[in-house]
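Me: I am new to this structure. Can you take me through its charged pairs, step by step?

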Amino acid sequence: MTDTGDANKERNREIARNEEAKQVTGSIRVSTWAIAVVVIIGGILFTLGWLASR
């Protein structure tokens, strides 16, 4: 009985580690997209400002 309980605890720990890794990967992916969007919008606004000042 104890062996089964220990096996379940270890399995749950492994699942938790995998979930944490997925969350970190997802957060990095979202951050990368957010930075890319900001750079693109900033570039567009800079270009429009530059064209308006000429």
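**Charged pairs along a helix**

Reply: Start with Lys-22 and Glu-19. Both sit in helix α1, three residues apart, about one turn of the helix. Keep in mind that this is a predicted model.

Me: What makes Lys-22 and Glu-19 a salt bridge?

Reply: Their closest N and O atoms are 3.9 Å apart. The cut-off is within 4 Å, so the pair counts as a salt bridge.

Me: Why is Lys-22 called exposed?

Reply: Its relative accessible area is 55%. Exposed means over 50%, so Lys-22 qualifies.

Me: And why is Glu-19 called partly exposed?

Reply: Glu-19 has a relative accessible area of 40%. Buried needs under 20% and exposed needs over 50%, so Glu-19 falls in between.

Me: How do you know that Arg-17 and Glu-14 form a salt bridge?

Reply: Their side chains meet at 2.8 Å, N to O. That is within 4 Å, so the term applies. Arg-17 and Glu-14 both lie in helix α1, three residues apart.

Me: What makes Glu-10 and Arg-13 a salt bridge?

Reply: The N to O distance is 3.6 Å. That too is within 4 Å, so Glu-10 and Arg-13 count.

Me: Why is Arg-13 called partly exposed?

Reply: Its relative accessibility is 45%. That lies between 20% and 50%, so Arg-13 is partly exposed.

Me: How many salt bridges does the structure hold, and which residues are linked in a network?

Reply: The structure holds four salt bridges. Glu-10, Arg-13, Glu-14 and Arg-17 are linked in a network of them.

Key:
Residues numbered from 1 in each chain as written. Predicted model: local features only at pLDDT ≥ 70, side-chain atom pairs only at ≥ 80, totals over all residues. Heavy atoms only, no water. Buried < 20%, exposed > 50% of the residue type's maximum accessible area, 1.4 Å probe, protein only. Helix = DSSP H or I, 4+ residues; strand = E, 2+ residues; numbered from the N terminus.
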